[in-house]
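This is a guided tour of one structure, to be followed with a viewer open. Please load the model and keep the sequence at hand.

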Amino acid sequence: MDFGFKLSPSSAVNLDTVDHRRFDRLAQLVPDALTCIGCGSCSATCTASAWTGMSVRKVLLGLQRGQDAEVDKMLSGCMLCGKCTMVCPRGINTRQLILTLCRLDKKGEMVR
Ligand code: SF4
Ligand code: SF4
């Protein structure tokens, strides 16, 4: 019988098999990346968020989940205005974090 809906594919992430070399390298270069508490202040204040979906919080989560395509899409929307850096309660230099991340490929190698 057709009920008019389908089961959604699983969105589960197996953290044991995910490739998170890019996040590990970022954490080496910008150790503050490990202190994020996921409060979302950066996302709430982001100039580009409403149009591009950019969110430092989601970028950090996406990296740990191996979602590189989504991360790169968000990064391409960042204008490097630095507003997120001004509101982060952990004092993370999010702008520097973004700039560093843009220089790392999926394997965590420096590309530029
Ligand atoms: S404002 Fe800072 S602590 Fe909060 S989610 Fe963003 S980066 Fe993490
Ligand atoms: S630097 Fe990028 S992520 Fe931060 S508030 Fe500006 S546009 Fe958003």
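Begin by selecting Leu80, which is found in the loop between H5 and H6. Here helices (H or I, at least four residues) and strands (E, at least two) are DSSP runs, numbered from the N terminus. Leu80 is not a glycine, yet its phi is positive, at about 55°. Most residues other than glycine have a negative phi. Is Leu80 buried or exposed? Leu80 counts as exposed because it has 12 C-beta neighbours inside 10 Å. A residue is buried if 20 or more other C-beta atoms lie within 10 Å of its own, exposed if 12 or fewer, and partly exposed in between, with C-beta atoms placed from the backbone.

Before going further, note that this is a predicted model, in which local features need pLDDT of at least 70, side-chain atom pairs count only at pLDDT 80 or more, and totals for chains, interfaces and linings use all residues. Residues are numbered from 1 along each chain as its sequence is written, and chains are lettered from A and ligands numbered from 1 in the order in which they are written.

**The loop between H5 and H6**

Select Met79 next; this residue also lies in the loop between H5 and H6. Met79 has 11 C-beta neighbours inside 10 Å and therefore counts as exposed. Not counting residues up to four places away in sequence, Met79 touches Thr47 and Ala48; two residues are in contact if their C-beta atoms, placed from the backbone, lie within 7 Å. Met79 and Ala48 are 31 residues apart in sequence, while their C-alpha atoms are 7.0 Å apart in space.

**The whole protein**

Taken along the principal axes, the C-alpha atoms fill a box of roughly 55 × 30 × 25 Å. Of the 112 residues, 23% are buried. Among contacts between residues at least 6 apart in sequence, 58% join residues at least 24 apart.

**Ligand 2**

Which residues come nearest to ligand 2? Of the 14 residues around ligand 2, the nearest are Cys46, Cys78, Cys81, Lys83 and Cys84; a residue is near a molecule or strand if its C-beta atom, placed from the backbone, lies within 6 Å of it. Helix H6 (83-87) and helix H7 (94-102) are the elements that give two or more residues to this shell. By class, the shell around ligand 2 holds nine nonpolar, three polar and two charged residues. Ala, Val, Leu, Ile, Met, Phe, Trp, Tyr, Cys and Pro count as nonpolar, Asp, Glu, Lys and Arg as charged, and the others, Gly among them, as polar.

**Ligand 1**

Move to ligand 1, which is surrounded by 14 residues, the closest being Cys36, Cys39, Cys42, Arg57 and Cys88. The elements that give two or more residues to its shell are helix H2 (41-45) and helix H4 (56-64). The shell around ligand 1 divides into eight nonpolar, four polar and two charged residues.

Then select Thr35, in the loop between H1 and H2. Thr35 counts as exposed because it has 11 C-beta neighbours inside 10 Å. Leaving out residues up to four places away in sequence, Thr35 touches Arg90 and Ile92. The C-alpha atoms of Thr35 and Arg90 are separated by 7.0 Å, although the two are 55 residues apart along the chain.

**Helix H4 and its partner**

Highlight H4, whose buried residues are Val56, Arg57, Val59, Leu60, Gly62 and Leu63. The cover over these buried residues includes H1, H2, H5, H6 and H7. H4 is followed by Gly66, whose phi is positive, near 75°.

The contact is made by Lys58, Val59, Gly62 and Leu63 of H4 and Glu70, Val71, Met74 and Leu75 of H5. These contact residues divide into five nonpolar, one polar and two charged.

**Last stop**

Finish at Val13, in the segment before helix H1 (21-29). Val13 counts as partly exposed because it has 13 C-beta neighbours inside 10 Å. Leaving aside its neighbours within four places in sequence, Val13 is in contact with Val18 and Arg65.
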